[in-house]
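Hello,

Please find the structure below.

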Amino acid sequence: MLLGLELLTLHFSEPLAYFFAIKDKRIAEVEAEGYKPVSIIIPTYNEGDKIRDKLLNVMKSYPLEYAEIILVDSSTDNTTEVAKSLGIPIKIVKEKERRGKIFAVKEGIRNASNDIVVITDADALWDDPLIDAIKYLKGEIGAVSCIKRSNRGTENAYRNFYNVIRLSESAVYSTPIFHGELTAFRKSLLSADEIPNAGADDSSIATLIALKGYRAICTKVRAFEYSPKGLDYFSWKTRRGLHLVRHFIRFLPKVMRSKNRKYKAIFLEEFYLHLINPWFLVLGVVLTAIYLPKLFLFLLLVLLIALVIPQTRELVKAWVPNQFFLIMAQFKALRGE
Ligand code: GDP
Ligand code: MN
């Protein structure tokens, strides 16, 4: 009964093989052609304590004369008052009730006056100038996003792995996963009504743009995101996982029908990584524990050592729980939550 061991080997070697196969690919640098008018959409729900820093960060990142800032707000706190107190021109679209981020995003897109639309979460801050991302928006590139860093070491270990994958997939062709910290696209290529009313609006935009024959890429512009701690981290990761699981299931049939083989290959690899590969860890552990108990104890020891060594510690702490979050997310998706 070596199946358990084979599943475990597959679980760890497949992502690593993918990582090493593409990790050095990077999209060619392009020169910025100067500032273009952009519409920056910030969906807000009770961001009174964050919106000031957010707007200051946006102003530092792009000249205000070229930016139309749109707040789509359903807050019950002082978010809009704080925003107005900065004294800069801001278009505030007030929602009658809280309907979820996706509805706010789509309302924002409908209200945008410029072709380049940038969507960004209120709790995210950009480390780099926005121009370094949107300068890529021309020709065959229809959408751009960022890479991420967090306040938590464990989350960063996970990010550092996936940041490389996002950038490399973008150089190969297009990445199916985008980030809410910075999602920008050309409105002339995609209308609000085409975006499904579901979570993962960012990744939906990336995939819809790719299905239209344009590339959706992550750029080296980095965004900071605050990750919650403790139990909140657990539910946060599971919710994110749920959105991604749903995203991959929703778009699988459309991507399978598409003739773009490069995109299909990347999408299927990510589908595998998020929906199938996590199960091999669980099944592998269970089967090894039952049929090869000595080997199981040995692997447990290896895991403990990896948790002690600083170089591998955070990666193990990020990777292993994340597989469980993704499996939890599948159960939630099945239960229709
Ligand atoms: P997370 O990063 O996935 O945990 O999601 P957040 O809670 O940070 O939400 C992302 C962005 O969407 C933030 O700017 C929120 O204020 C905003 N947001 C979340 N839910 C709603 C909503 O129902 N309506 C509006 N207008 N904005 C929302
Ligand atoms: Mn957030």
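The notes cover conventions, then the ligand, then salt bridges.

This is a predicted model, in which local features need pLDDT of at least 70 and side-chain atom pairs count only at pLDDT 80 or more, while totals for chains, interfaces and linings use all residues. Residues are numbered from 1 along each chain as its sequence is written, chains are lettered from A and ligands numbered from 1 in the order in which they are written, and side-chain values use heavy atoms, with hydrogens and water left out.

Around ligand 1 there are 19 residues (a heavy atom within 4 Å of it). Pro43, Glu47, Glu95, Arg239 and Arg240 come nearest. By type, the shell holds six nonpolar, three polar and ten charged residues (Asp, Glu, Lys and Arg count as charged; Ala, Val, Leu, Ile, Met, Phe, Trp, Tyr, Cys and Pro as nonpolar; the others, Gly among them, as polar).

- arginine 239, 2.8 Å from a ligand oxygen
- tryptophan 236, 3.0 Å from a ligand oxygen
- serine 74, 3.0 Å from a ligand nitrogen

Taken alone, ligand 1 exposes 570 Å², and the protein buries 87% of that (Shrake-Rupley method, 1.4 Å probe).

The whole structure has 24 salt bridges (a side-chain nitrogen of Lys or Arg within 4 Å of a carboxyl oxygen of Asp or Glu). One of them joins lysine 91 to glutamate 68, with the closest N and O atoms 3.1 Å apart.

Regards

Technical notes. Polar contact = N/O pair within 3.5 Å; in protein donor to acceptor, adjacent residues only side chain to side chain.
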